[in-house]
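User: I've got a model open and I'd like to learn how to read it feature by feature. Can you walk me through it?

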Amino acid sequence: MTGTHEVLNQAPPRAGLNEYLINPALTEAVRRYDAQWATAHLSDVGALVGQAGFQRDAELANTHPPVFASHDRWGHRVDAVDFHPGYHRVIAAAIEHGAHTACWSQPRPGAHVARAATFMLFGQIEPGHGCPVSMTHAVVPSLRFTPELAEFWLPKVYSRDYDPELRDPATKTSAIFGMAMTEKQGGSDVRANTTRAADAGDGTWRLTGHKWFCSAPQSDAFLVLAQAPGGLSCFLVPRVLPGGERNVFRIQRLKDKLGNKSNASSEIELDGTTGWLVGEEGRGVRTIIEMVAQTRLDCVLGSAAGMRQAVAEAAWHVRHRSAFGALLIDQPAMTAVIADLQLEAEAATWTAMRLAAAYDSEDRESVAFRRLATAVGKYWVCKRGPNHAYEALECLGGNGYTESFPLARRYREQPVMAVWEGSGNVIALDVLRAMSREPDSVEAVQNELMSAVGVHPAYDEHVAATRKLLAQISANPAAAAGTARRVVEALALALQGAVLIKEAPAAVADGFVAARLGPDRSLEYGALDPGLDLAAISARA
C-alpha cells in the first residue's frame, strides 16, 4: 500500500494455467475425433503456453517486431531480418512440439486433429509465428509432386529442430518454408502474375519479377509462382543455394501491418533467381493449391484459437472483478455476454476440429467434404473473429483497450485470418466454383447437415432454407455470384449447428441454435434468451 491507495479489485495475472486442460471444447473435440492418444502431449503444450514466461515472450515478440537490414555495415547486400529472442523461443517451442508437421511425419488416426490442437494452443498465446509454422506444414503435399525435391526437403521439414541461420541447406537438419504468390497488379488473381521463369538447361530455372506479399522472408525456402513458357508454374526458391552461395532474393521492405506484428511480411524482387520446378510446367496453381488448402484450414484454426484467448481473458476478468456489489460474472447481463462469446468460440473450435478430422481420412466422402467445408469454414469463422475480439475486449473495460493486456493485440490480429489465403469474396466465389465443378462436395456437406436434423426445429428450418438456396444456384448459376456470401453464410451456420448438435453438450447446442438460427437471434453479443442455461455455457469459458 502506498500513501495514496491500495490496489484492490483487479484480476490477478492469468498465468500458470494449463490452456489445454481448461479448454473443454478442445479436449472434447480431440477425444471425439480420434486423437485421445495425444492427451499427454497436448497437456504438456497447454502447460507450456500457460506459463508467464511464454506469455512474456509472446508480448516481447510483438512489442519488438522484426527489423530489416538490406546491407551489412560494410555495404554487402544481406537482406537480413532480425527478430527478438522471444520470437525465436516461441517458434522453437512450436517446432519442437510438432505444431508444423507432426501429422505428416508421424501419420496415424487422429494425427491431423492432434497437430491442429497443438497449433491452436501455440496460436492462442502468440499468433504471428503461426504463419511460417503453417506454411511449413502446408508445403508437404505440394513438395510430393516432385519426388526428388521431396526426398531432400521433407526430412528437414519434418525435423523438430529450429535453426534460424541461413546457410547451405545441405548443412542443416531442418527447414522453414514460406510462399510468394501475389503481385502488385493481381493480388488473389495469380494468373495475372508477370514474374517470369526461364529454363536454365541444367535442371534449374531463373526467375525474374516481384512479389507484393511474401511473409516470413527469413525462411529457408519458398514456393513461388512464375510464368514459364508452358504457363503459370510453381517453383522452389531457396534463400541459400547448394554450396552456400546466397540466392538473389532482394527484400525491398517489411510491411507495416495493422497487426501480426511479430511476423515479418515483405515485398521482394527476384532477378535471375534460381529455382526448381515443382510439379508440372503450366500447372502451378494445381501444385500450390494443395498448400493453400492446408493454410486455409490453419486460418480457421488460428481464428478459433484467437476466439478462445478472447473469451478466456474476458471470463477471467469478470470472475475476479466486482461492481455494484457483486462479481461481474454473476450479473445477468455479463453472464449472457460471456455465454454468447463462448458459444461463438465453441462453434469455431468444433468446426475447426471437424475440418481437421476430414484431413485424417482419404476416403471419397472426406475428401469431398473438406474441399467445400474448408472454404466455408474459412470464410465464416475468420470473419467472426474481429467482432468477437472487440466484444471480449470490452468486458475488460479500460484495461482491455491498453497494450498491457493481450486483447488489444488480439483485436488487431484477427482480421488477418480473413484476408490471408483469400478474402471474403475470393472465398465465396471459390465455394461457388467447388459447387459447380465438384458436385460431390455439395453432396458430402449436405450429408453432414442432414445427419443432425430432427433435434431442433430452428435448425431443421435453416437447413431446409439453405438447401433451397443451393437448388436456386444450381438452377441459375449465372446469377450465383450475387448471392455468394448469403449462401456461404447459410452453409457455415448450418455446418456449425450440425457439429454442435451432434457433438457438443446440450446446453451449448441449444444455445447456439437459439442465438444464431432461432427466430429471436440478434446481431449483438449477449442478447440471449434468458431461458437458456447461460451459467452452464459461461462456465466453459
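Predicted model: local features only at pLDDT ≥ 70, side-chain atom pairs only at ≥ 80, totals over all residues.

User: Let's begin with helix H17 (residues 484-503): what length does H17 reach from its first C-alpha to its last?

Analyst: H17 has 20 residues and reaches 28 Å from first to last C-alpha, close to the 28 Å expected. Helices here (H or I, at least four residues) and strands (E, at least two) are DSSP runs, numbered from the N terminus. Residues are numbered from 1 along each chain as its sequence is written, and side-chain values use heavy atoms, with hydrogens and water left out.

User: How many of the residues of H17 are buried?

Analyst: Buried means under 20% relative accessible area, exposed over 50%, and partly exposed in between (1.4 Å probe, protein chains only). H17 is mostly covered, with 15 of its 20 residues buried.

User: Which residues of helix H8 (residues 147-158) are buried, and on which side are they?

Analyst: The general idea first: an α-helix has 3.6 residues a turn, so residues three or four places apart point the same way. In H8 the buried ones are Leu149, Ala150, Trp153, Leu154, Lys156 and Val157. They cover an arc of only 160 degrees around the axis (taken from the directions from the axis to the C-beta atoms), so they sit on the same side of H8. Pro147, Glu148 and Glu151 are exposed on the other side. As for the cover over the buried residues of H8, it includes helix H7 (130-143), E3, E6, E7 and strand E9 (265-278); contact there means heavy atoms within 4.5 Å. The length checks out too: 12 residues should span 16 Å, and the end C-alpha atoms of H8 are 16 Å apart.

User: And what covers the buried residues of helix H3?

Analyst: Helix H3 (residues 52-63) has Phe54, Asp57, Ala58, Leu60, Ala61 and Asn62 buried. Their cover includes helix H2 (39-49), helix H4 (85-96), helix H6 (111-125) and helix H12 (406-413).

User: On to strands. Why is strand E6 called largely enclosed?

Analyst: In a regular strand the side chains alternate between the two faces of the sheet. For E6 (residues 221-228), 7 of the 8 residues are buried, so the rest of the structure largely encloses this strand. Two strands count as paired if DSSP finds at least two bridges between them. E6 pairs with strand E3 (residues 177-180) in the parallel sense over 4 bridges, and Gly178 stands opposite Phe222. E6 also runs antiparallel to strand E7 (residues 231-238), with 8 bridges joining them; Ala221 has Pro238 as its bridge partner there. A hairpin of 2 residues links E6 to E7.

User: Which residue in the E4-E5 turn has a positive phi?

Analyst: That's Gly201, at about 80 degrees, in a hairpin with 5 residues between E4 and E5. Strand E5 (residues 205-215) and E4 pair antiparallel over 4 bridges, with Ala198 opposite Arg206. E5 also pairs antiparallel with E9 over 9 bridges, where Leu207 partners Thr273.

User: Where is Thr195, and what does its side chain reach?

Analyst: Thr195 lies in the loop between E3 and strand E4 (196-199) and is buried at 0% relative accessible area. A polar contact is a pair of N or O atoms within 3.5 Å; within protein, one must be able to donate a hydrogen and the other to accept it, and residues adjacent in sequence count only if both atoms are side-chain atoms. The Thr195 side chain reaches the backbone oxygen of His210 at 3.1 Å.

User: How many disulfides does the structure hold?

Analyst: A disulfide is a covalent bond between the sulfur atoms of two cysteines; the cut-off is a sulfur pair within 2.5 Å. This structure holds 0. The sulfur of Cys214 is 9.2 Å from its closest cysteine sulfur, in Cys131, which is too far for a bond. The sulfur of Cys382 has its closest cysteine sulfur in Cys299, at 5.1 Å, again too far for a bond. Cys382 is buried, at 0% relative accessible area.

Conventions: Expected span 1.5 Å × (residues − 1).
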